[in-house]
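User: I've got a model open and would like to talk through its packing. Can you take a look with me?

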Amino acid sequence: MALRTTQTDLLVIGAGPAGLMAACWASQFVTSDPSCMSTRIIDLKAARTATGHADGIHSRTLEIFDSFGIVDSITRKGVHEVEMSYWGVNAESGRLECQQRMRSQREGLSRFGQMLLNQGQVEQVIIDYINDQGHLSIERNKRADKIYFTNDPTHPISVEVKSVRADRMVDAIQDGTAGEHGHAEVTEVIQAQYVVACDGARSLVREQLGVPLESKSTDSMWAVIDIVPITDFPDIRQSCAIHSDKYGSIMTAPRENHLVRFYLQLTGRSDLEKEALEQTEEKSPDAIIQLAQRIMEPYTLKYEYCDWWSIYPIKQGLVTSSQVKNRVFLAGDAAHTHSPKAGQGMNVSIQDTYNLIWKLGSVITGVAQPTILKTYESERHPVAEQLMKMDAELVEAYERTGGSISHVSQIRDEHAGFMSGVEVTYPESLLVASKSGPAKAKHITVGMRMRSCPVVNYADGSTVQLANVLSSNGAWRLLVLAGDLCQAQQVDRLRAFADNFRRQPLLSGSRRAVPLRNGHMTLEVILIHAGSRSSVNFMDLPEIFRPFDEKLGWDYGKVFADDDSYGQGSGHAYREYGIPEGTGCLVLVRPDQHVAMVVAMGEEAQLESYISRWHVRNSVDN
């Protein structure tokens, strides 16, 4: 057995959706500069998920993908889920019929709807992005075998990793170090500052560190199968809930490449259900399809191609704490498990590490105090708790009420904002200021992600989504919504803001910092004024909104107008955000696009006070 010891700032264990998003975020902090953050990601599997598994992508996850510039790859490959149909048996005719059609998602939640695409394809899109960044590589065929804390003051977590490599088989056999399956096992001890465990529902990290998992199992078994259906069922390309009073219920979801996913509850009461429960990988899933056919009668269903199928019990599990000693963090299925009824698994997992990794990057690079890491628990654990509640209600609706159309649709409607991910609101903390006080932006919620509206770039007149200005690169943003600059009082307020800003050392020092360098917070200041862009002279604006570089000249990407531009749908941001044009306000947005604070123009000192609570003061470059 060969032993070697290495060190890294951040170790990510597991390269599923949660782990890949962690690596995606971490790549923003990893550069060739040795003073920046070192990161490694390991995974037991030899390759990404081939097919099957999760397939629903909700609005907030699409927004996150868009923040990294990779959403187009998802939307090109996936299927848009626009409408959901509820089918039941007509009490008079006894015939199966469509009893209700409704939007899959409530209007106005996000500029993105819902998509359906298998987990493997989603993973590949993220992998391609990580590879294009060129800073990280996924280390496969590596198993985290043991994890423990040491007394090392800088790298207190040790992870023993076993690497199974076929190319060392011959040498291993010759020197007697061959392990399981005849492969060589090489043990490496990775010493890390921080570890993020994304190692799934059977998490070794969770087990070895003794993190309690409060679990709840039911007696119900479900089958899931992805086929290319040959059927005369009219709504086969829509998501459907289909209920037969006699034979039970199924859920369907259209997928890429002509595939459709079917979910069926297996009660074991009939011979056909017993046959389905007894099926193994060696047998064909014909019994599952026969069950579906029976529920869909009089419509026919058969198939020639099956892409993937599985039989599983409904289990819920939630860790009592998602972090250990503020050094090891559990994410995704390692922290919570549930049914696939609402398509939340992949989404919540991705959103876990999207919340966490920028915080770790800020601490490791010396920008923020380690106390901010406690907000991962306070922000994401309530989300997991709400997920458990919603999941339990949906499972009960399908199992106890037989998939009652009214009951299922009611639950989905009640939780629509949460299911989409866009209305998740983080509580007050070091990173979320108080929500109390006079309303300065009636429709902006502190703690919730900043909703995107179209705005017009001053320099070229192009209409862009505000979210495009809030890309995930580790920077904070201060949105200066200065109101109508045709009003003299608003111009005076804007100039006063610029003067006050320069007097605040944390604010002004952060603005001048080189992005993502060790010990520097990056704060981008963005102006969005009301009214016509022609009413503003770019060169008359305070320098803070038009930074100058000797080689690149002025930066024209920091000034926007809430103006109509050639019928492109812009010109209503102030109205959408509930901000009076005669007063304006300041909105501080975190690197993960959640609103940290809203203050009035002239309250710059409050921003400074907020940042000073968690910022490492000696990181300001004056």
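User: What share of the 622 residues in the chain is buried?

Analyst: Keep in mind that this is a predicted model. The chain has 17 helices and 28 strands. Of its 622 residues, the buried ones come to 58%.

User: How many disulfides does the structure hold?

Analyst: A disulfide here needs a pair of cysteine sulfur atoms within 2.5 Å. On that test, the number of disulfides in the structure is zero.

User: How are helix α1 and helix α4 oriented to each other?

Analyst: α1 covers residues 17-26 and α4 covers residues 119-133, and their axes come within 10 Å. The axes cross at roughly 20°, and α1 passes α4 in a left-handed crossing. Angles under 35 degrees count as roughly parallel, so α1 and α4 are roughly parallel.

User: Which residues meet where α1 contacts α4, and how many of the contact residues are nonpolar?

Analyst: From α1 come P17, L20, M21, A23 and C24, while α4 brings Q119, E123, I126, I127, Y129 and I130. By class, the contact has one polar and one charged residue, and the nonpolar count is nine.

User: Among contacts between residues at least 6 apart in sequence, what share joins residues at least 24 apart?

Analyst: Contact means heavy atoms within 4.5 Å. Among the chain's contacts between residues at least 6 apart in sequence, the share joining residues at least 24 apart is 73%.

Terms used:
Residues numbered from 1 in each chain as written. Predicted model: local features only at pLDDT ≥ 70, side-chain atom pairs only at ≥ 80, totals over all residues. Heavy atoms only, no water. Axes fitted to C-alpha atoms, helices over the stretch in contact; angles between N-to-C directions. Helix = DSSP H or I, 4+ residues; strand = E, 2+ residues; numbered from the N terminus. Parallel < 35°, antiparallel > 145°, perpendicular 65-115°, else oblique. Left-handed = near helix turned anticlockwise from the far one by under 90°. Nonpolar A, V, L, I, M, F, W, Y, C, P; charged D, E, K, R; others polar. Buried < 20%, exposed > 50% of the residue type's maximum accessible area, 1.4 Å probe, protein only.
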